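The structure is shown first.

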Amino acid sequence: MDSRRDFIKKTAVLGAGVSVVPSFVFGASPNMAKLNIGMIGVGLRGTNHLENLLLRDDVNIVAVCDIDPSRTKLAVEKVTEKGGRKPLVFGKDEHDYKNLLALDNIEAVIIATPWLWHTRMAKDAMRAGKYTGLEVSAANTLEECWDLVNTHEETGAQLMILENVNYRRDILAVLNMVRQNVFGELIHFRCGYQHDLREVKFNNGKQPYGGGVEFGEKAISEANWRTQHSVTRNADLYPTHGVGPIAAMCDINRGNRFLSLTSHATKSVGLHNYIVKNGGENHPNASVKFKLGDIVTSTIETANGETIIVTHDTNLPRPYSLGFRVQGANGLWEVDGNRIHIAGVTEAHQWDSADKWLEKYDHPLWKKYGELATGAGHGGMDFFVINAFVESAKLGVAPPMDAYDAAAWSAITPLSEVSIENNGEPQDFPDFTRGNWIKRKPYDWIKDTY
């Protein structure tokens, strides 16, 4: 941890591409030395972000907000233990975050709250002139997707969707291969969120994961709010971990865009079976009818002629996998099996282990800072996504994953819901860039700054 702190002290200006310490530029404060941040939501995810921020010497945690006083108490302790000034605390009710946003000395905020609060809080943050970091997914409805884009355009405030999987080591190595044309012209992708969440969706009200079959008011942590979405919605509820990295590879919103989507869902048995097995047939939750199909499969068509299959699979026993596959005219990579095939290079009709390929094309960020980032959470990718947020905010520039990305990736949820309701009927994707995807340049992902 100390070495990572030293690293950040020494490289605080690398995001600006210079070798000497400049005056950081943010909004109307060109001489600002540190970025003042407010945290809205300091549950498990928000606290993880807080811990990574506290390893930096270029930020101040000015305020924290959460309606659970035990979480704000913990957050304050973490800040003061690291030598920071005691942050202001907000959380007297669900709307107290607005008082945090009213603070003039906060330049940026990170929002890590339950999904239904994401868009409304992000809109308020942008309207308050704050550089906004928003956890995934960013929106629940198409209207909310448009709200994010419209508010960004009306205010000029920047929004970054904090999709950490875009910074996963193997993903960035494969993105490097894509940029170097290893696979040839891109044709097809697969991705998704395949994660047994039964112990996330249910607990005993005392521990965050498992131990019982309660959800809603009788549960804590994500089971308190997340499981209700499985009761009321039949859709791909969590698409961005898979789609975000693929969108970067095929330049969505920057020379390409999503055109249409079709979705289908299986029957729902997984959550009911889990309740019966762990709580008994007579448990009250055994009578709950879950609307979410156990497997939701969506197919997306892009303007450049690629297809993307997205799978949502969270209710059944299975090992974790985001199911990535990247396929071009000359070959493909698949994460499951850790395998690759490149025509004319690997043996004909045979898979090759991807290890040496991932090492050869290891991304500049990971080559430079991989060892220092490893302890940051989720294999290190949490460090890189927070680093990108802070560096972009200090410079006052558009982030790598912006409001248009947040809208397009999150739109998969409401579009899949309508498609499923209508027997897989194709749904047109809104063009959140209003035609500007044609001329927007791809973000430069292959660099060692952020």
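Which residue is the bridge partner of Gly331 in β13? The partner is Ile342.

## Basis

This is a predicted model, in which local features need pLDDT of at least 70, side-chain atom pairs count only at pLDDT 80 or more, and totals for chains, interfaces and linings use all residues. Residues are numbered from 1 along each chain as its sequence is written, and side-chain values use heavy atoms, with hydrogens and water left out.

Strands β12 (residues 331-334) and β13 (residues 339-342) pair in the antiparallel sense over four bridges. Strands are DSSP runs of E of at least two residues, numbered from the N terminus, and pairing requires at least two DSSP bridges between two strands. Four residues lie between the strands of this hairpin, where Gly337 has a positive phi near 95°.

Strand β13 is also joined by two bridges to β14 (residues 352-353), and the two run antiparallel. Here Ile340 has Asp352 of β14 as its bridge partner.

## Nonpolar cores

The largest nonpolar core has 120 residues, of which Tyr167, Phe258, Val326 and Trp333 touch the most other members. Such a core is a set of buried Ala, Val, Leu, Ile, Met, Phe, Trp, Tyr and Cys residues joined through side-chain atoms within 4.5 Å. Helix α14 (residues 381-395) supplies the largest share of this core, nine residues; helices are DSSP runs of H or I of at least four residues.

A second, separate core of ten residues includes Phe202 and Leu271.

## Thr227

Thr227 lies in helix α9 (residues 227-232). Thr227 counts as buried because its relative accessibility is 0%; buried means under 20% relative accessible area (1.4 Å probe, protein chains only).

Key: Buried < 20%, exposed > 50% of the residue type's maximum accessible area, 1.4 Å probe, protein only.
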